[in-house]
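Please keep the sequence and the structure in view while reading.

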Amino acid sequence: MGITNKLENSYCELSTQFCLDGEFLGLMAVDGYKLKYLGLRNTSTDFIIKVPKEYRGEIVRTYTVGDRIQVRGIKTGEKLKAVNITKTESLIQSPRSPQTTNIPPKSSQLKILLCQKSDCCQKGAKEIYAGFQQELANRELSDRIILKSTGCLKQCKQAPNIILQPENSKLGRVKISQITEIVDKLEKKLSK
Ligand code: FES
């Protein structure tokens with residue numbers, strides 16, 4: 001299934017096109033709390049590509065981490081912006097990939113992103129946020145595992161929702177009773 005942006009026919013003069021095949025690493029936040037970017041691993045190189053707002057929800061619903069995808073888009077300076085995203089069966093080296101620039105991932109820091117919008121709040125997201133805050137403080141992990149609130153993750157039926165980074169694994173219908181277990185798992189990763 002492909003996602004095509006209206007911008008496809010309106011490249012600006014300073015932009016070039018890129019085409020990348022690789023493994024979908026999930027949606028991610030960079031310098032903020034909104035999941036505006038997708039990660040793509042092409043052989044051993046990771047790329048961060050901005051996704052137009054209107055397609056982020058569809059990506060969350062349609063793609064899972066590990067899917068093979070092809071992303072075509074616009075490269076402006078160091079920035080990559082997706083125009084077309086397609087699921088593919090296998091990795092194919094793109095003849096146009098040399099036009100792209102390698103942008104290393106900014107952080108592999110552990111983060112808990114917690115939706116704080118209405119559906120999730122009605123199902124206890126504020127209390128869960130406070131619970132994580134308390135648990136991290138109790139274990140003196142607040143500066144090593146970052147807790148952040150997010151906008152709607154487009155998974156409202158599974159509210160309350162969280163995303164664990166850097167893997168971008170999604171957890172729905174999170175309960176206060178799961179907080180200890182989730183922080184246990186993250187703490188183990190810190191010690192690896
Ligand atoms: S309100 Fe939380 S996922 Fe939509």
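The model discussed here is a predicted one.

**Helix α3: length and end**
- Helix α3 covers residues 125–138, and its 14 residues should span 20 Å at 1.5 Å a residue, which agrees with the 20 Å that separate its end C-alpha atoms.
- After α3 comes E140, a residue with a positive phi, near 55°.

- The buried residues of α3 are A125, I128, Y129, G131, F132, E135 and L136.
- Seen down the axis of α3, these buried residues fall within an arc of 160°, and they therefore line one face of the helix.
- On the face turned away from that buried side, α3 carries the exposed residues E127, Q134, A137 and N138.
- The cover over the buried residues of α3 includes the strands β7 (110–115) and β8 (145–150), together with the helices α2 (118–122) and α4 (179–190).

**L171 in strand β10**
- L171 belongs to strand β10, which runs over residues 169–171, and L171 counts as partly exposed because it has 16 C-beta neighbours inside 10 Å.
- Leaving aside residues up to four places away in sequence, L171 touches I162 and L164.
- Q158 lies 13 residues from L171 along the chain, and the C-alpha atoms of these two residues are separated by 8.5 Å.

Definitions and conventions
Residues are numbered from 1 along each chain as its sequence is written. This is a predicted model: local features need pLDDT of at least 70, side-chain atom pairs count only at pLDDT 80 or more; totals for chains, interfaces and linings use all residues. Helices (H or I, at least four residues) and strands (E, at least two) are DSSP runs, numbered from the N terminus. A residue is buried if 20 or more other C-beta atoms lie within 10 Å of its own, exposed if 12 or fewer, and partly exposed in between; C-beta atoms are placed from the backbone. Two residues are in contact if their C-beta atoms, placed from the backbone, lie within 7 Å. The expected span of a helix is 1.5 Å times one less than its number of residues. The arc is that of the directions from the helix axis to the C-beta atoms.
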